[in-house]
Amino acid sequence: MRAQTVISDESGFTLVEVLIALFIFALISTGSLMALGTALTGQAQIKAKLDTISEIELARAIIRSDMAQVIARPNRDALGGAEPWVMRGGVEGLLSFTRTGRDNPGGLSPRGDIERVRYLFSDGALVREALSHENPAPQSTTQRRVLLSGLADVDIRFHTGETVTRVLEVPVHRALSVPDMITLVAIFETGERLEQYFELRL
C-alpha cells in the first residue's frame, strides 16, 4: 500500500499576520527607544545638577575659609608703591584683601602663610585669584581658580550694622571698620539665583 501525503493549508504565516507582527514589533521598539532616551536625558540632567551642587559647596567652603582668615594689613603693589586699602570691593573686581592661614604642608615652600586674594567676575565665572606673595613683584605668579561657572552676573554687598553698600574701600588707618558680613549673589545663565552670606572675622 502506498502512504498518503496530507498537505495542510494551515502551515506558515499569511502576509497579513507577518505585517501585524512587524507593526507590533515596531511599536515596542519605538516605545523602548523613547523610554531609553528619556532615561538618558534624565540621567544627564541629574548629573549636571549634582555637578553644580558640588561646585557650589566647594565655592562656599573656599569663600568661608577666606572670610575667616582676613587680616588688616597694609600692602604694596608690584612696583613697591603703598596701597592704602586693607580691603576693597566693587571698584576693581568684586573684592580684594589679604588673608593669613595659607597652607604650607611641612614647610616645604620658602614662603609665609600670608596671601593676597582677589575675587572677580570674568567670562561668565566667579574667579578667585591669589598672588604668590603678599607684596608681589612684577614677576610674581598668580594662581587662578574658577569657583562657579555658567553665570550671567555676580553681585556682592557689604553689611556694616544696618548699612548695606555695593562699594567698599577700607583704608589702612581705619582697618577695624571692615564690614561685619558680605552677601554674594550669583545669577546663573539658567535664571537660577544663589544668595550666600559670609561673616567677616577680623
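Buried means under 20% relative accessible area, exposed means over 50%, and partly exposed lies in between (1.4 Å probe, protein chains only). The views below show a predicted model, in which local features need pLDDT of at least 70 and side-chain atom pairs count only at pLDDT 80 or more, while totals for chains, interfaces and linings use all residues. Residues are numbered from 1 along each chain as its sequence is written, and side-chain values use heavy atoms, with hydrogens and water left out.

View A. Helix H1 covers residues 15–68; helices (H or I, at least four residues) and strands (E, at least two) are DSSP runs, numbered from the N terminus. The 54 residues of H1 reach 79 Å from the first C-alpha to the last, close to the 80 Å expected at 1.5 Å a residue. That expected span is 1.5 Å times one less than the number of residues in the helix. Buried residues in H1 include Ile56, Ala59, Ile62, Ile63, Asp66 and Met67.

**View B. A nonpolar surface patch that includes Val16.** The patch consists of Val16, Ile20, Phe23, Ile24, Leu27 and Ile28, which together have about 600 Å² of accessible area. Patches are made of residues with over 30% relative accessible area and no salt bridge; like charges are joined within 9 Å, and nonpolar side chains (Val, Leu, Ile, Met, Phe, Trp, Tyr) within 5 Å. Accessible areas come from the Shrake-Rupley method with a 1.4 Å probe, and for residues only the protein chains shown count as cover. Val16 lies in H1 and counts as exposed, at 54% relative accessibility.

**View C. The salt bridge between Arg88 and Glu169.** A salt bridge is a side-chain nitrogen of Lys or Arg within 4 Å of a carboxyl oxygen of Asp or Glu; the whole structure holds 12 of them. In the bridge between Arg88 and Glu169, the closest N and O atoms are 2.9 Å apart. Arg88 belongs to strand S4 (residues 85–89) and Glu169 to strand S11 (residues 168–171), so the pair ties together parts that are 81 residues apart in sequence. Arg88 is partly exposed, at 22% relative accessible area, and Glu169 is partly exposed at 34%.

View D. Arg128 and Glu115 meet through their side chains in a salt bridge of 3.2 Å, N to O. Arg128 is in strand S7 (residues 125–131) and Glu115 in strand S6 (residues 115–122), 13 residues apart. Both Arg128 and Glu115 are buried. Arg118 and Glu129 form another salt bridge, with the closest N and O atoms 2.8 Å apart. This pair also links S6, which holds Arg118, with S7, which holds Glu129, across 11 residues. Arg118 is partly exposed at 32% relative accessibility, whereas Glu129 is buried at 14%. Salt bridges with shared partners join Asp66, Arg99, Glu115 and Arg128 into one network.

**View E. The polar contact of Glu129 with Arg144.** The side chains of Glu129 and Arg144 make a polar contact at 2.8 Å. A polar contact is a pair of N or O atoms within 3.5 Å; within protein, one must be able to donate a hydrogen and the other to accept it, and residues adjacent in sequence count only if both atoms are side-chain atoms.

**View F. The aromatic pair of Phe97 and Tyr119.** The structure holds 1 aromatic pair. The ring centres of Phe97 and Tyr119 are 6.2 Å apart and their planes stand at 25°, so the pair is stacked. Phe97 lies in strand S5 (residues 95–99) and Tyr119 in S6, so the pair ties together parts that are 22 residues apart in sequence. Rings of Phe, Tyr and Trp (its six-membered ring) pair if their centres lie within 6.5 Å; planes under 30 degrees apart count as stacked, over 60 as edge-to-face and the rest as tilted. Phe97 and Tyr119 are both buried.
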